[in-house]
Amino acid sequence: MDTPLLLSVADYARAAQAKLPKDWFDYYEGGALDEITLRENAVGWDRLKLYYRVLAGVGTRDLTTTVLGQSISMPIAIAPTAFHKLA
């Protein structure tokens with residue numbers, strides 16, 4: 001089976017839906033109470049536009065930064081919330 005190409009948030013959602021049990025996926029796909037934050041997050045992703053410049057400044061890159069005084073290799077972090085163990 002071919003691995004799907006994951007390029008967008010929607011691609012990841014479809015891949016998760018194909019792999020996770022329905023009740024687990026529904027938990028992750030849904031939001032609390034009236035889902036205001038869920039809607040605002042979706043609108044925020046829709047507003048986000050990323051513009052890349054091909055071969056612009058192709059020198060050595062350094063993504064290291066600090067979070068709460070701890071050095072990390074790149075500015076990506078996942079907060080341990082709710083039921084991450086389901087996925």
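The following conversation concerns a predicted model and some of its local features.

User: What is the volume of the largest pocket?

Analyst: In this predicted model, the largest pocket has a volume of about 1200 Å³.

User: Which residues are closest to its centre?

Analyst: The lining of the largest pocket comprises 30 residues, and those closest to the centre are Val9, Tyr12, Ala13, Tyr28 and Glu29.

User: And which helix gives the most to that lining?

Analyst: Helix H1 gives the most, with eight residues. At least two lining residues come from each of H1, helix H2 (22-29) and H3.

User: Turning to the surface, which residues form a nonpolar patch there?

Analyst: The patch consists of Val9, Trp45, Leu48 and Leu50, which together have about 480 Å² of accessible area. Val9 is also among the residues closest to the centre of the largest pocket.

User: Where is Leu50 placed?

Analyst: Leu50 is found in the loop that lies between helix H3 (36-47) and strand S1 (65-67).

User: Why does Leu50 count as exposed?

Analyst: Leu50 counts as exposed because its relative accessibility is 73%, and the cut-off for that class is over 50%.

User: With which side chain does the side chain of Arg14 make a polar contact?

Analyst: The partner is the side chain of Asp11, at 2.4 Å.

User: How far apart are Arg14 and Phe25 in space?

Analyst: Their C-alpha atoms are 9.9 Å apart, while in sequence Arg14 and Phe25 are separated by eleven residues.

Note on methods. Residues are numbered from 1 along each chain as its sequence is written. This is a predicted model: local features need pLDDT of at least 70, side-chain atom pairs count only at pLDDT 80 or more; totals for chains, interfaces and linings use all residues. Side-chain values use heavy atoms; hydrogens and water are left out. Patches are made of residues with over 30% relative accessible area and no salt bridge: like charges are joined within 9 Å, nonpolar side chains (Val, Leu, Ile, Met, Phe, Trp, Tyr) within 5 Å. Accessible areas come from the Shrake-Rupley method with a 1.4 Å probe; for residues, only the protein chains shown count as cover. A salt bridge is a side-chain nitrogen of Lys or Arg within 4 Å of a carboxyl oxygen of Asp or Glu. Helices (H or I, at least four residues) and strands (E, at least two) are DSSP runs, numbered from the N terminus. Buried means under 20% relative accessible area, exposed over 50%, partly exposed in between (1.4 Å probe, protein chains only). A polar contact is a pair of N or O atoms within 3.5 Å; within protein, one must be able to donate a hydrogen and the other to accept it, and residues adjacent in sequence count only if both atoms are side-chain atoms. On a 1 Å grid over the protein atoms alone, a cavity is a set of points where a 1.4 Å probe fits but cannot get out, and a pocket is an open set with protein on both sides within 12 Å along at least five of seven lines; lining residues have an atom within 4 Å of a point. Grid points are joined across faces, edges and corners, and a volume is the space filled by probe spheres set on the points.
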